[in-house]
Amino acid sequence: MVEATTAFIEAKADNPVLLGTMLEVNTRVREKFANLIHADVGEIALLSATSEGENIVTSALDLRKGDNVVIDNLHYDTTFVLYNHLAKTRGIELRIVENVDGDAPLEAFEQHVDERTRLISVSWVSHQNGFRHDLKALAELAHGHNGHLYVDAIQGVGALDLDVHDARVDFLACGTYKWLFAGYGVAAFYVRADLLDEISPDRIGWRNVEHSPAPYEYELYRDARKFEYATPAFAAVYQLDAALDYVLRLGVSEIQRYTVPKANKLNLSLREQGFKVMTPASNESPTLAFAHGISQAAAKRALDDAAIQYSFRDEGAQIRLGVGVFNNDDDIERLLAVTRTWA
């Protein structure tokens, strides 16, 4: 991935890459991402960031006073900001499912959904604790009340197998700098084919245009390309092109079979050491979080000394960990050796 990005930048500096060539790579990336999530290429656009997708959807749905949107408190920060803004400007009601011990099950969502629910919005895998939602069940719940399901998938795509058609997901957005091993500035956006006519682009530019039937007249694409309005971050697109080759070559189902059992083993071992793990024990994702119970400074020092990568959550009281394809059992044992001294 690094080599692909470097090669593009060097070529751009030495002999500018033709726009047509760069756009061909953009199309190729859309095709590969569609393959990754079992979608059709016409359902995929490339945006600049994950949150751009939810902004497009909420703008197009024409949410009105009395409508409600249901999320959970394991969602990413942007979603709270977005719907708080829409509550103030459009009068919608934001309903928040409170997780219990890191779990936000379908039954908790059912209590909040009714005939005025326009959207259920979730992070497929929570950035807070790695909790993984049952997307198919949530889609059935939303559709049963004439609503839609929006999915922030950045913490799951590339690590977990996903068939968006089988799950009946309506909308999905995914930045590419997490489990896809790519960079910043490009994010994939999925809109289910039969909903494309309902979701209008929220901005217009030269790349929305499919053809010009007469001077100064323009017809926009009817598929997801209508959301690509301007020149993208091509270096990031080239990097994603190489990254998708790597992930598709490994196979997401194989990645999932390798990483999730290791995360589950780590979850159980931390519980056995006496820690409060904020992620359900049977959770099917490679990410988990636990309360370390010591000072943040001491935890940081010990993990840094052991060359362990991590992130703090809950104002430093929790540690989030993710098991990737680059980890092995020795890495797990090295971490447990450190945490054993804290218990």
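Which residue forms a salt bridge with aspartate 241, and how far apart are the closest N and O atoms? The partner is lysine 32, with the closest N and O atoms 2.5 Å apart. The legends below describe a predicted model, in which local features need pLDDT of at least 70, side-chain atom pairs count only at pLDDT 80 or more, and totals for chains, interfaces and linings use all residues. Residues are numbered from 1 along each chain as its sequence is written, and side-chain values use heavy atoms, with hydrogens and water left out.

**View 1. The salt bridge between aspartate 241 and lysine 32.**
A salt bridge is a side-chain nitrogen of Lys or Arg within 4 Å of a carboxyl oxygen of Asp or Glu. Aspartate 241 and lysine 32 form such a pair, at 2.5 Å between the closest N and O atoms. Aspartate 241 belongs to helix H8 (residues 234-250) and lysine 32 to helix H2 (residues 19-37), so the pair ties together parts that are 209 residues apart in sequence. Helices (H or I, at least four residues) and strands (E, at least two) are DSSP runs, numbered from the N terminus. Aspartate 241 and lysine 32 are both buried; buried means under 20% relative accessible area, exposed over 50%, and partly exposed in between (1.4 Å probe, protein chains only). A network of salt bridges links Arg28, Lys32, Asp241 and Asp245. In general, side chains of opposite charge can pair when their charged atoms come close.

**View 2. The salt bridge between arginine 116 and aspartate 67.**
The side chains of these two residues meet at 2.9 Å, N to O. The pair links distant parts of the chain, 49 residues apart: arginine 116 is in the loop between helix H5 (106-110) and strand S4 (117-123), and aspartate 67 is in the loop between helix H3 (50-60) and strand S2 (68-72). Arginine 116 counts as partly exposed because its relative accessibility is 40%. Aspartate 67 has 6% relative accessibility and therefore counts as buried.

**View 3. The salt bridge between aspartate 197 and arginine 222.**
The N to O distance between these side chains is 3.3 Å. Here too the pair links distant parts of the chain, 25 residues apart, with aspartate 197 in the loop between strand S7 (187-191) and strand S8 (209-214), and arginine 222 in the loop between strand S9 (217-220) and H8. Both aspartate 197 and arginine 222 are exposed. The structure holds 22 salt bridges.

Phenylalanine 80 counts as partly exposed because its relative accessibility is 26%. Contact means heavy atoms within 4.5 Å. Leaving aside neighbours within four places in sequence, phenylalanine 80 is in contact with Ile71, Asp72, Asn73, His75 and Ile96. Isoleucine 96 is 16 residues from phenylalanine 80 in sequence, and their C-alpha atoms are 9.4 Å apart in space.

Glutamine 273 counts as buried because its relative accessibility is 16%. Apart from neighbours within four places in sequence, glutamine 273 is in contact with Leu336, Thr339, Arg340 and Ala343.

**View 4. Positive phi at tyrosine 216 and glutamate 315.**
Most residues other than glycine have a negative phi. Tyrosine 216 is not a glycine, yet has a positive phi of about 65°. Tyrosine 216 lies in the loop between S8 and S9 and counts as exposed because its relative accessibility is 75%. Glutamate 315 has a positive phi near 55°. The loop that holds glutamate 315 runs between strand S12 (311-313) and strand S13 (318-322). With 81% relative accessibility, glutamate 315 counts as exposed.

**Overview. The protein chain has 11 helices and 13 strands.**
Of its 343 residues, 50% count as buried. Its C-alpha atoms fill a box of roughly 75 × 55 × 35 Å, taken along the principal axes. Among contacts between residues at least 6 apart in sequence, 69% join residues at least 24 apart.
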